[in-house]
Amino acid sequence: MLRFVTSNPGKVREAREYLPEPVERVAYDYPEIQSEDLGAIAAAGARDAFEEVGEPVFVDDAGLFIDAFDGFPGPYSSYVEDRLGIERVRTLASREDDDAASFRAVVAYADDDTVETFEGAVPGRIVAPCGDGGFGYDPIFEHRGRTFAEMSTEEKNAVSHRGRALSKFADWLAERNDGSRSDG
Ligand code: IMP
C-alpha cells in the first residue's frame, strides 16, 4: 500500500489509476518551502510528511508554467488559482501573442533511507475554459486539441505531467520490489 500525502482528491484519483499498488490518501498539510524548483519543494514536503506520518509516503507538487509570463505562475500556481482564479489567468494570458504553456509535476517519495523524485512535463496552450472534468487549471489547458477538463482521468493520465511522473515512480517501485525479492 502506498500513502499519498495530499489534500487534493483529483490527484489521488489520478494516482490510483496509474500505480500498481493500492493508494491511500493521508490528509496532512505539509509546509511548502519557498523555491522556484518544484523538485526541491516536493522533496522537502516528502521528507517532512515522512517524519510526521512515520511511514513511507509520497507527495506531488505541480504547477502551470506560461511561456509569455516567463513560467509564471509555476510554483505559485496554487496561490494564483486561489487569488485570481483560472478565468482571470486565461484573460491575462489571452492578451499575449504567445499562448504556449506547460504543466510540470514532481512526485517525491520518502522513507527512512531515501528521498526520490520523479518529474513529468506536458506542453500545451492556454485557451478559453472548456470541459467540466479534472481540477485546477484543467479547463484552460489544451493539449492536442482538447483541454484536460474534456478528457477522462485515463486519457489525461496517458499524456499528462502527473502521468509521466507517476509512470517513472511506478517503474522505480517495480525495480525496487524486484531487487528486494532477489535479495531475500
Ligand atoms: P499543488 O501541486 O497541489 O501545489 O498545485 C499547484 C496548483 O496547480 C494548484 O492550483 C492546482 O489546482 C494546480 N494543479 C496541479 N496539478 C494540476 C493538474 O493536473 N491540472 C490542473 N491544475 C493542476
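**Entry 1: strands 3 and 4**
I began with the pairing of strand 3 (residues 57-66) and strand 4. They run antiparallel, and 10 bridges join them. This is a predicted model.

**Entry 2: strands 4 and 5**
Next I followed strand 4 onward. A hairpin of 4 residues takes it to strand 5. Strand 5 covers residues 115-126 and pairs with strand 4 in the antiparallel sense, over 11 bridges. Here I found Ala110 opposite Val115 of strand 5.

**Entry 3: burial of strand 4**
Is strand 4 largely enclosed or open? I checked residues 100-110. Of these 11 residues, 9 are buried, so the rest of the structure largely encloses strand 4. I counted a residue as buried when its relative accessible area was under 20%. I also noted a general point: side chains in a regular strand alternate between the two faces of the sheet.

**Entry 4: the ligand**
Where does the ligand sit? I found it in the largest pocket. There are 16 residues around the ligand, and the nearest are Lys11, Ala62, Glu81, Asp138 and Lys156. I then asked which elements supply the shell. Strand 3 gives at least two residues, and so do helix 3 (77-83) and helix 6 (161-183).

I looked up three distances.
- Lys156 has a side-chain N or O atom 2.8 Å from a ligand oxygen.
- His161 places a polar side-chain atom 3.0 Å from an oxygen of the ligand.
- Tyr137 uses a polar backbone atom, 3.0 Å from a ligand nitrogen.

Last, I checked cover. On its own the ligand has 480 Å² of accessible area, and the protein covers 90% of that.

Methods. Residues numbered from 1 in each chain as written. Predicted model: local features only at pLDDT ≥ 70, side-chain atom pairs only at ≥ 80, totals over all residues. Heavy atoms only, no water. Buried < 20%, exposed > 50% of the residue type's maximum accessible area, 1.4 Å probe, protein only. Pairing = 2+ DSSP bridges. Near = heavy atom within 4 Å. Polar contact = N/O pair within 3.5 Å; in protein donor to acceptor, adjacent residues only side chain to side chain. Areas by Shrake-Rupley, 256 points an atom, 1.4 Å probe, with all protein chains shown as cover. 1 Å grid on protein atoms, 1.4 Å probe; cavity = no way out; pocket = protein on both sides within 12 Å on 5 of 7 lines; lining within 4 Å. Sits in = over half its atoms within 2 Å of the grid points.
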